[in-house]
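User: Please go through the strand pairing and the contact between the chains in the following structure.

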There are 2 protein chains.
Amino acid sequence: MTPPRRRIADIGEHRWLRGLLAGLGSVGRMAGVSIGPGDDAAVLAPERRPWVVTTDAQRAGVHFRVGWLSWGGLGRRAFRVAVSDLAAMGAAPRAALLALEVPRRFEVRSLSAFVRGFAAEGRRHGAALVGGDVSAGPCFGATATLLGVLRGRAVTRGGARPGDAVFVTGRLGAAAWAVRERRAGRRARLPLPPVRLEAGVALAPVASAMLDVSDGLLQDVTHLCRASGVGAVLELDRLPVIPACRRLGRSGRLLAATGGEDYELLFTVPRAGLPRLARARLGCAITRIGTIVPGRRVELVDAEGRLVRCRRAGFDHFT
Amino acid sequence: MTPPRRRIADIGEHRWLRGLLAGLGSVGRMAGVSIGPGDDAAVLAPERRPWVVTTDAQRAGVHFRVGWLSWGGLGRRAFRVAVSDLAAMGAAPRAALLALEVPRRFEVRSLSAFVRGFAAEGRRHGAALVGGDVSAGPCFGATATLLGVLRGRAVTRGGARPGDAVFVTGRLGAAAWAVRERRAGRRARLPLPPVRLEAGVALAPVASAMLDVSDGLLQDVTHLCRASGVGAVLELDRLPVIPACRRLGRSGRLLAATGGEDYELLFTVPRAGLPRLARARLGCAITRIGTIVPGRRVELVDAEGRLVRCRRAGFDHFT
C-alpha cells in the first residue's frame, strides 16, 4: 500500500524514477524506439521521413490552476497541448520527453499520476515517452518535447495568399469560458484540448498555411498573416463558438475569438483547393470564418460588414 | 540604442521573439534543418543514422545562482550541460530547442544574452537552435532539448561487466569547489562544463558502459552499476581532482567525488579493449579510477585498500 501523502522529498528523485519507469513498462518499447527512458538519452531508429520537433511548457498558476483537472487529466492535457503543434505541421507523433519541475513537498501520487496521464495519452496517439528530466523548483511545471514524422509536406504559417479562404476546426471558446466561470467562483471543468492529428495530416496537402489556436484566434490569425505577408477579414458571426458563448451574444463571441487555449487548427485554403478540402477526411467539423486579403491588417467584421473593435487580440505571457 | 533596463513585460513575448529571431539570423539555416524557429514546430531532414534525444532543465536558484556567470555564460553553460548527455551516448549534436521560464520583470538584455550564448555554443558544436517556448514564471529557468545522431553504436549505462576497468575523463571537483567558495563568501567563477563530444564518439566503440558525471562521481558510478547489475571498487587517491581539492587532502578528494556538476565522462572498458583505448583520439586526458566487480556494492578505498566512508554519494534534488 502506498502511504496516501508521501512527498517527493521523502523518497528522492532516483527512487521515484525507478518505480515510475518500472510501472510504465512497455511505454518505451514502441516501434522505432531503440533505447527508451532511464539512460542519458533516448535513441530513435532512423526514419525515411523528415522529423518534426516542438517543445511546450505547462506551469501551475500560469497555464492552469491546480484542481481544475485531476493530476492525471493535467498530464493528458500537457500532451495534447504539445501535440497540437505537430498537428499544425501535418506530422504524426512518434516520441515524447517530459522535463518536470517539482516542489519538494509535492505528493508522489500526484506526480506519478501526471506522468502516467501524459504517457497514456502519448501512447494512444503513437508517441512513446522516451526520456525526461526531474528537478526541484518553486512551482509545478512540465516541459514536453514531442517528435513526430511528416507524412507529406510540412505546412508552415507563411503560405497564405490573398483570396485564400480562412477556416478553423471544431469550436472555439470552451477553455476561455471555463476559466471565466472558475474565476467568477462557479464550477466549470477545464476542457481537455481536442486532438486534431487526423485533420492536420489530411489538411497538409490542401492548406496553404496552418497553425494551432493557442494564444486566441484573433492573435493567431495575426501571426499567420504576419508570416505570410497578408491581411485577413474575419466575420464574427461565422465563428464556430460553443453554445454558452453563443448565448451571450457579441461578448461571448469576442471571448471565444480572443480567449485562447482552443488548440483547434486555423488554416487557409486557395480557391482551387476547396473541392479537395470538401473531400478530405478530417475527423472533425470545419467552418469558414473569413478571407485572406492584400495588405497587413486583420479585421473582424459583423454581419453587416462593420468593423468590430476588441481591446485585446489574445494572450501574451508578459503584456 | 536599447534602453539599458527594458523588461520583458515592456515589450511582450512576441515582439521580443521577433527581434531575437531576426538577430540569430542563420542559426536555423544549418545543414539538415528544413524549417527552423518561428513556426509551430521545426522540421529536420531525415538522417540515415539513429537519432539521440535528451532534455535537461537549468533553473536559477536550483542549478545555478544569478551572478555566478554572465547571462551569456549561463546560456553557454545550459547548452554544455545538456550536450553532455549526447556525448555520453556517443552521439554528435544536430539540433536544439530551448523552453524558457521568465519572470515578468526580467531584463530583455539578459534574456537575449542567454539565448545568444546558448545558440552560439550550439552552433560551435554542430547544433542549430530550431525552436523553443517562452512562458511567464516565478523564477528564470531554461529547459534544453538536444537532438543528435549516432556515429556508431550507442553506449548505455548497462553494459559494464566484472573485470572491466573504470575510467573518467578530465578532472573532477571544479564546480563543487566553486560552489563551496561562493557559499563561504569568497570569489570563485563557476566553471563552464567541458565538452566531451570528441571523447564520446571515440569511446563509443570501446566502452562497455558510459554516462556523464552530473550528480557526483560516486552516485553516478552507482547508477552505472545498478543499470549493469554489477559492483565497483574505486580508489580515492587515483581520482583526478583539481589542484585546489588535492591540496585539501582527503576532504578535498571526497568533495570532488561527491560534488557533482563535473560533466566528465565516466566509462568502463573490458580488458580486451584497453589497447584500443590507448590508441583512441579523445581530445582529453583519462584516468583509471577503479574496477568493476561482481555483486552490487560500490566501494571507495584508500591507497591501503581500506574502505572510505562518506556521508553522501552525490546529489538528489529532493533528499
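Analyst: Strand E9 (residues 231–235) of chain B and E12(B) run parallel and are joined by four bridges. Strands are DSSP runs (E, at least two residues; helices are H or I, at least four), numbered from the N terminus, and two strands pair if DSSP finds at least two bridges between them. This is a predicted model, in which local features need pLDDT of at least 70, side-chain atom pairs count only at pLDDT 80 or more, and totals for chains, interfaces and linings use all residues. Residues are numbered from 1 along each chain as its sequence is written, while chains are lettered from A and ligands numbered from 1 in the order in which they are written.

User: Which residue in E12(B) is the bridge partner of B:Glu235?

Analyst: E9(B) and E12(B) run parallel. Within E12(B), the partner of B:Glu235 is B:Val301.

User: What is the strand order of the open sheet of six strands in chain B?

Analyst: The pairing in this open sheet is mixed, and the order is E8-E10-E7-E11-E9-E12. Strand E8 (209–212) and strand E12 (298–301) of chain B each have a single partner strand, so one side of each is left without a neighbour in the sheet. The strands at the edges are therefore E8 and E12.

User: Which helix joins E4(B) and E5(B) in a β-α-β unit?

Analyst: Strand E4 (residues 91–102) of chain B pairs with E5(B) in the parallel sense over eight bridges, and B:Glu101 stands opposite B:Ser135. The β-α-β unit that these strands make is right-handed (with the strands pointing away from the viewer, the path from the first strand over the helix to the second runs clockwise). Its helix is H3(B), residues 108–124.

User: How many residues does the contact take from each chain?

Analyst: Two residues are in contact if their C-beta atoms, placed from the backbone, lie within 7 Å. The contact takes 61 residues from chain A and 61 residues from chain B.

User: Which residue of E2(B) is the bridge partner of A:Val52?

Analyst: Strand E3 (residues 51–59) of chain A gives the largest share of the side touching chain B, eight residues. Three bridges join E3(A) to strand E2 (residues 42–44) of chain B in an antiparallel run. The partner of A:Val52 is B:Val43.
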